Amino acid sequence: MASSDPLSASGGQGAAPVATGAPPDAVEGAGKLVPRHLLVPFILLLLCFTAWGAAANLTDVLVGVFRGIFDMSNFQSSLVQFAYYGAYFLLALPAAFITSRFGYKAGVLVGLGLAALGGLLFIPAGQILAYEMFLLALFVLAAGLSILETSANPFVIAMGDEQTATQRLNLAQAFNPIGANIGVLMGAVLILPGLTPEASKVIMSPQELAESQEADLSLVLTPYIGIAAVLIGIWVLIAVRKMHLPPAPEAIDLTEGGSGGTFSRLWANKHYRYGVFAQFFNVAAQTCTWTFTILYAQDVVGTSPESAGWWLQISLIIFLISRFVMTWLLTIFRPTLLLLLMAGFGVLCCLTSMFVLNIVGLIAVVSISAALSLMFPTIYGVALRGLGDDAKFGAAGLVMAILGGAIMPMVHAAVMDASSPAMGFVVPAICLALVALYALFDLRSHRPGVASAQPEVVAS
Amino acid sequence: MTRRRTAVVTASAMGMLMTLGACGDSREEVTVGLITKQEENPYWLALRETAEKTADDQGVTLLTATGTSDADVESQQKAIADMVAKGVNGILIAPTDSAALLPAVEAARAAGVIVIALDTPFDPVDAVDAYFTTDNVRAGELVGEYAAAKAKELGMTPQVAMLGLTPGFLSGDQREAGFLASMGLDAKDPAIVADVDTQGDRELANDAMAKILQDNQDVNVVYAVNEPAALGALDALGAANIDPADIVLVSVDGGCGAIKDGVRPGLIDATAQQYPANMAREGVLAIVDAVRDDQPPNGYLDTGVQLITGNPAPGVDSRDVAYGVRNCWGE
């Protein structure tokens, strides 16, 4: 996830608390990005950022792969994303607890261990040939990555001088989209071209079908075993290394500040409250789009599975490039004006994909990624603006909007099953329209510039 | 039919091929010849492309040849002789003339070359080692089952127009027989208001259907032997201002154009999709088996057929349009 992932696109789950590290030799390393004694652990964490980007976007490929292998409906295959993003959502708070209670290193080790276990669970799943077992493996993998991400972000911040903390985090985050592209590339190169052609199954005996299922699942196994192996290697290297790190931040007291505490203040703030919903629908639109790009290419346009994989790859590259373009455009336009324009563009792309059932529709699907590229950080920034200390907890709420990635792909898939593959894109269209409404709300409302629970006034 | 390797083997072989690539391919050399009728029709193009991919996966040399039309016997005779001279292990051929090509095929087999007929049989069928094609009777049965169930669902008393192929053309006769059997009709049944030959051509089918509609306003089920004939029928319905929703139109083939522009919008209610890719893949693999594993092919292989519709009929198994698009041939 990253640049491709909504969580880390803006700093991730643990981005809020900036701790200062003061190991013995940090003084001589002051001003440097990373002190020499933490260079190896830092590089290992960069690998973690790459690994979870790869795992997340490899999941996008899996939905179509499992549909073909197990010959099931789109809804059933979308449970892959439910398991993955559902685990991310459920583990968000326990992950924060583990880090604050046991420290960064423990959090990273627990996350790495659990994620590696999830990767290894693909082995028995491949032997049992049961879809449910693969869902369990994905859930465990994502649970581990959720903990890893929660710990790794503040871990990176703590690995040196406070002045260079943002630089360090940005550098680490940059490895996430690289991982995302590697994930899709692994799917496009290692899995999709080797799958048993669907038409050939028409003439297979039950035994031959079982053999083809086994052969196809072994293709799925390979990249996950590879990811697990990398994670185990990182686990060992971090576990055996002594590190001088500052204590992890303590858990946030949600009752502090009186008058109902942090939660009440945040909930009374419309920019924040609507921002959480906007983030939910943004993550939903992103997950739906990337999950169903491959299926659209195959089911609507009729491309081969391997070509479909490359179309998803192009989507991620467009997303990455658009990030830089949007950064530049944000120097010209007000953020929510640009958000409104891009959300509108995204809706148009979705509508095109629904009604133009050829290569133009597929290009429209791929183009949605350009619209998505600015959304997470923009909504994140707009929703948290002026919240003061409440921003720490507020950030967690925005991150938990990842639940949209778990739920809405199932709705998208259900529409596909009930109507047609192209009509499924009505779901991201509605999601992006709601994001546009949030942008419009921000543009038309007066906003107090301080952290408070005072209600905003929407301009008439 | 000897043991049939499947695409599973192909997938596994890809991995093996990658491994062997670094140190050279130690597998026994195999050369396969593929002769199609012509390549203006995407059906034959799809067949050739799959043969090329399978040959590549298997480390096999593939020689290809094609004619200029479905009746170009001379080009195929020459191609057979050329391929035998080049020492191919086997020839996959879709014969343009089941009788005229017999001497060339006999000469090839006498020279130790395995010959497999694809799509179209020789006469006699056992003039070659094996015959891989769609079960055309089954294709007709599938669309017949659908048309009967759909007509019943809509409360129609079937008044059937048959747009056939050409008299004596085996695949057309088989499809028609299968359709009529599933509909519970015999060739003389009064429910069949017209039975015409269209040669599977869109223009001829348009003309024939226009004439049928002039004579029989109450036609409500149309059987088209292939998709060009179905599209011709739709042209005629449009010209007569008849809503295709009032007619149950079924066909056979499964080409991408007809699936996307005919079945997807519901103009063609259902089609029986055949798989030229399976013919090509299984053909190449059969010759590889014969050479490398000493398991020569024989007999008949059904290469599969599926009913595709966006509007399922009660009690009739079918696959959706998305499946049809994923597995169609042509553009």
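**Aromatic rings and the core**

Author: Phe122(A) and Tyr224(A) are both buried, a word that means under 20% relative accessible area, with exposed over 50% and partly exposed in between (1.4 Å probe, protein chains only). The model is predicted: local features need pLDDT of at least 70, side-chain atom pairs count only at pLDDT 80 or more, and totals for chains, interfaces and linings use all residues. Residues are numbered from 1 along each chain as its sequence is written, chains are lettered from A and ligands numbered from 1 in the order in which they are written, and side-chain values use heavy atoms, leaving out hydrogens and water.

Reader: How are the planes of Phe122(A) and Tyr224(A) arranged?

Author: Rings of Phe, Tyr and Trp (its six-membered ring) pair if their centres lie within 6.5 Å; planes under 30 degrees apart count as stacked, over 60 as edge-to-face and the rest as tilted. Here the centres are 4.1 Å apart and the planes at 5°, so Phe122(A) and Tyr224(A) are stacked. By contrast, the rings of Tyr43(B) and Trp44(B) have centres 4.9 Å apart and planes at 85°, so that pair is edge-to-face.

Reader: Which residues form one aromatic cluster?

Author: The cluster consists of Phe66(A), Phe70(A), Phe122(A), Tyr131(A), Phe134(A) and Tyr224(A).

Reader: Which residues have the most contacts inside the largest nonpolar core?

Author: A nonpolar core is a set of buried Ala, Val, Leu, Ile, Met, Phe, Trp, Tyr and Cys residues joined through side-chain atoms within 4.5 Å. The largest has 148 residues, and Phe66(A), Tyr84(A), Leu145(A), Val220(A) and Met375(A) have the most contacts inside it.
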